[in-house]
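Here is a structure to look at.

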Amino acid sequence: MEGSAVSSNEHLVIAIDGPSGSGKSSVSKAVARTLKAAYLDTGAMYRAVTYAVLASGADLSDDAAVAQAVREADLQISTDPDAELVVIAGQDVTTAIREPRITENVSAVATNLDARAELVRRQREIIAAHPRIVAEGRDITTVVAPQAPARILLTASEEARMRRRGLELGGTQSQEQLATQVLARDKKDSTVVNFTQAADGVITVDSSDLDFEQTVAAVLDAAGFGRED
Ligand SMILES: Nc1ncnc2c1ncn2[C@@H]1O[C@H](COP(=O)(O)OP(=O)(O)O)[C@@H](O)[C@H]1O
Ligand SMILES: Nc1ccn([C@H]2C[C@H](O)[C@@H](COP(=O)(O)OP(=O)(O)O)O2)c(=O)n1
């Protein structure tokens with residue numbers, strides 16, 4: 001880790017954005033483990049507050065009610081890359097936030113600008129509380145932590161992203177279902193944040209033709225922690 005672009009006493013923030021299935025969560029966790037850093041899954045925060053909004057009975061088409069439920073959400077999230085834990089109002093919702101009913105409704109919350117402002121505020125607090133952290137999502141490089149010393153856009157072709165999601169779900173989903181879960185959600189989400197083109201100073205890592213280990217190495221390299229051999 002010598003010769004890194006990030007000096008040792010600097011607040012180490014690695015910001016990673018990208019579309020669904022590009023490998024953000026799995027690759028960011030591996031990068032955090034390698035660097036002995038914390039890990040923040042901001043997508044899990046959007047999923048968790050969506051769980052809270054649904055539990056509150058708020059009408060998803062009522063922007064003010066959704067924003068209010070998000071501001072009131074009692075959310076805790078683990079930043080340990082080896083211990084995934086998401087808690088809403090004292091209840092462990094780590095598994096529940098991955099269910100289709102959340103995936104289908106999360107964009108309604110993620111496209112609410114007041115809800116986003118609240119989550120961006122909480123995400124900045126979590127990032128500030130950790131001396132070393134890898135944070136991933138859709139707007140980390142541009143909105144949440146635009147001053148991060150390392151900013152990366154992780155991309156992959158539509159085919160690769162749908163194939164990976166399909167494998168992850170054990171081959172249970174048709175091409176049409178995968179397209180809805182991956183491509184249609186990205187389309188909705190990209191109405192409020194741009195995660196398809198790298199902003200100035202953001203390095204793009206295209207993982208379409210890389211395997212998992214190669215992608216982790218490419219992200220470490222882009223963050224200034226390449227192996228010196
Ligand atoms: N470079 C890669 N090559 C092959 N599979 C990958 C690669 N990166 C990630 N994966 C796999 O693809 C799936 C989706 O990755 P995930 O990290 O959940 O993506 P995201 O968080 O961007 O939606 C996971 O099963 C993961 O192990
Ligand atoms: N910083 C972020 C992170 C996630 N989101 C939104 C976009 C996604 O539809 C949901 C869920 O994100 P998540 O990363 O879990 O999505 P994937 O299922 O990994 O593709 O949250 C966002 O708008 N901004």
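Q: Which residues are closest to ligand 2, and how many surround it?
A: Ligand 2 is surrounded by 16 residues, and the closest include Ser 20, Gly 43, Tyr 46, Ala 110 and Gly 137. A residue is near a molecule if its C-beta atom, placed from the backbone, lies within 6 Å of it. This is a predicted model, in which local features need pLDDT of at least 70, side-chain atom pairs count only at pLDDT 80 or more, and totals for chains, interfaces and linings use all residues. Residues are numbered from 1 along each chain as its sequence is written, and chains are lettered from A and ligands numbered from 1 in the order in which they are written.

Q: Why is ligand 2 said to lie between domain 1 and domain 2?
A: Domain 1 (13-37 + 133-228) and domain 2 (42-131) both give residues to the shell around ligand 2, so ligand 2 lies between them. The bounds come from an automatic or database domain assignment.

Q: Which helix gives the most residues to the shell around ligand 2?
A: That is α2, with 4 residues. Helices (H or I, at least four residues) and strands (E, at least two) are DSSP runs, numbered from the N terminus.

Q: What makes the residues of the shell around ligand 2 nonpolar, polar or charged?
A: Ala, Val, Leu, Ile, Met, Phe, Trp, Tyr, Cys and Pro count as nonpolar, Asp, Glu, Lys and Arg as charged, and the others, Gly among them, as polar. On that basis the shell around ligand 2 has 5 nonpolar, 6 polar and 5 charged residues.

Q: How does the shell around ligand 1 divide by class?
A: The shell around ligand 1 has 3 nonpolar, 9 polar and 4 charged residues. Its largest share, 4 residues, comes from α1.

Q: Which residues of α9 are called buried?
A: They are Thr 215, Val 216, Val 219, Leu 220 and Ala 222. A residue is buried if 20 or more other C-beta atoms lie within 10 Å of its own, exposed if 12 or fewer, and partly exposed in between; C-beta atoms are placed from the backbone.

Q: Why are the buried residues of α9 said to line one face of the helix?
A: Seen down the axis of α9, they fall within an arc of 165°, so they line one face. The arc is that of the directions from the helix axis to the C-beta atoms. On the other side of α9, Glu 213 and Gln 214 are exposed.
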